[in-house]
Amino acid sequence: MEKSMFYKERAYYTDIQRYILDCCDKYGENVFCRYLKKGEVMCKTYSELLQYVNMIGNYLYAHDFENKHIALLGKTSFEWIATYLAALSYGVVVVPIDKALSNEEILKQIEFSDSEMLFFDPEYIDVAEYVRNTSSQCNSFVMLSSEERSSEFDTLKSIANNNVPAICIPALNPESLAEIVFTSGTTGNSKGVMLSNKNIVSTVMFGIRLVDMSPDDVVLSIMPNNHTYELSVGIMTPMYFGMSIAINDSLKRFKQNFLKFKPTTMIVVPALLHMVKNQIVSGIESKGKGIKIRQKQFALIITNILY
C-alpha cells in the first residue's frame with residue numbers, strides 16, 4: 001500500500017530557539033537564501049544566517065533587550081529574516097510591521113506594542129525619522145543594511161564592528177511571549193495578536209509533517225513578511241529540510257524572478273494565485289485575436305510550463 005504524503009514522522013521540537021539553531025548547524029554550508037542585487041543572484045548560507053542571528057542577538061542582549069519588544073519594518077530580505085530569527089532565539093519579542101501602512105499607522109502599532117527599538121529597511125529611513133521624532137518610547141534604531149554607520153542611525157554593519165561580547169544563548173520558556181502580529185483590520189481596527197514560543201514552533205511542527213522536501217528544493221518567497229503564514233510556512237518550515245529561500249523582490253517582477261530562481265515550491269494564498277492566473281491568461285489572450293482561455297485550458301498551460 002502506497003504511503004500517504006501527509007503526516008510524516010519528523011523530529012519534534014518544543015521550542016523555536018533549538019529548532020532555529022539546529023537547522024543552521026545541520027545545513028551549515030547549504031544555501032539558505034537567494035536574492036537579487038543589481039540583477040545578480042546573491043546567496044547566503046545557513047552558517048552565515050547563524051552568524052547574523054548570534055551577532056544581532058548579542059547586540060540586543062548587550063542593550064538589555066531580553067523580554068523587551070522590537071519592531072521590524074521593511075521588505076523581505078536576508079537581513080530582515082536574520083533579525084526576526086535572532087529575536088525569537090534570544091528571547092526578544094518581535095513585532096513585524098506592515099510596510100504598506102502610513103507613517104501614522106506604523107507609529108500607532110509601535111506604540112501599542114510597546115516596542116522600544118526599530119529595525120528598518122534603508123528604503124524606510126523617512127519612517128524611522130518620523131518615529132524617532134514622534135514616538136514617546138521607541139528610542140533605538142538600527143538600519144537593516146550591510147553598509148557602515150549612517151550619519152544618524154546604527155546599521156547591521158556598524159553593530160557587527162562594535163565587538164559586542166558573545167553570550168550564552170538564554171534558555172527560553174515555551175509559554176513566554178515571542179511575537180506580536182497585527183491583523184489586517186479588514187473588519188475593524190487592526191488588533192495585536194500575542195504568540196508564544198510554543199505557538200510558533202507548534203505551527204512549524206505541523207507544517208513539516210505535511211510536506212516532503214530536500215536541500216535541493218527552492219521555495220519562492222512571495223507573501224508579505226508581516227503575515228504569520230509566510231513566516232511559519234514560507235520561511236521556518238523550509239529550514240527543517242535545508243531548503244533555499246528565493247526572495248521575490250516585487251510582484252511586478254514575479255515572472256522574471258520565477259525564471260531566474262527556478263523554484264520547485266511556492267507558498268501562496270488563493271488571491272495571489274488568482275492574480276498570477278489573470279496575468280498569464282491576459283498575456284496569452286492579448287497575443288491572439290479572439291483567443292479566450294477556459295479554466296481547463298489554463299490548467300493544461302500551467303502543467304506544460306512547470307513540467
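## Cysteines

There are zero disulfides in the structure, which is a predicted model. Cys33 shows why: its sulfur lies 8.3 Å from the closest cysteine sulfur, that of Cys43, and this is too far for a bond. A disulfide would need the two sulfur atoms to be within 2.5 Å.

Cys33 has a relative accessibility of 0%, so it counts as buried. Cys43 has a relative accessibility of 40% and therefore counts as partly exposed.

## Overall make-up

The protein has 307 residues, and 46% of them are buried. Its secondary structure consists of eleven helices and twelve strands.

How much of the contact in the protein joins residues 24 or more positions apart? Among contacts with a separation of 6 or more, such pairs account for 66%.

## Helices H1 and H3

Two packed helices are described by the angle between their axes and the distance between the axes. Helix H1 covers residues 16-26 and helix H3 covers residues 78-89; the two pack at an angle of about 130°, and their axes are 8 Å apart. Because of this angle, H1 is classed as oblique to H3. The crossing of H1 past H3 is left-handed.

Which residues make the contact? On H1 they are Ile16, Gln17 and Ile20, and on H3 they are Leu85, Leu88 and Ser89. By class, the contact of H1 with H3 has four nonpolar residues, two polar ones and no charged ones.

## Thr83 in helix H3

Thr83 is part of helix H3. Is Thr83 buried or exposed? With a relative accessibility of 0%, Thr83 counts as buried.

Setting aside neighbours within four places in sequence, Thr83 is in contact with Ile56, Ile70, Leu72, Phe119 and Leu144.

## Helices H4 and H5

A further helix pair is formed by H4, residues 103-112, and H5, residues 125-134. Their axes come within 10 Å and cross at roughly 55°. At that angle, H4 counts as oblique to H5. The crossing of H4 and H5 is right-handed, whereas H1 passes H3 in a left-handed one.

The contact involves Asn103, Glu104, Ile106, Leu107 and Ile110 on H4, together with Val127, Tyr130, Val131 and Thr134 on H5. Sorted by class, the residues of the contact of H4 with H5 are six nonpolar, two polar and one charged.

## Val181 in strand S8

Strand S8 runs over residues 177-182 and includes Val181. The relative accessibility of Val181 is 8%, so this residue counts as buried. Which residues does Val181 touch, not counting those up to four places away in sequence? They are Pro96, Lys191, Gly192, Val193, Leu195 and Thr228.

Val181 can also be placed relative to Asp98. The two residues are 83 residues apart along the chain, and their C-alpha atoms are separated by 9.6 Å.

Methods
Residues are numbered from 1 along each chain as its sequence is written. This is a predicted model: local features need pLDDT of at least 70, side-chain atom pairs count only at pLDDT 80 or more; totals for chains, interfaces and linings use all residues. Side-chain values use heavy atoms; hydrogens and water are left out. Buried means under 20% relative accessible area, exposed over 50%, partly exposed in between (1.4 Å probe, protein chains only). Axes are lines fitted to C-alpha atoms, for helices over the stretch in contact, and angles run from 0 to 180 degrees between N-to-C directions. Helices (H or I, at least four residues) and strands (E, at least two) are DSSP runs, numbered from the N terminus. Angles under 35 degrees count as roughly parallel, over 145 as roughly antiparallel, 65 to 115 as roughly perpendicular and the rest as oblique. A crossing is left-handed if the near helix is turned anticlockwise from the far one by less than a right angle, and right-handed if clockwise. Contact means heavy atoms within 4.5 Å. Ala, Val, Leu, Ile, Met, Phe, Trp, Tyr, Cys and Pro count as nonpolar, Asp, Glu, Lys and Arg as charged, and the others, Gly among them, as polar.
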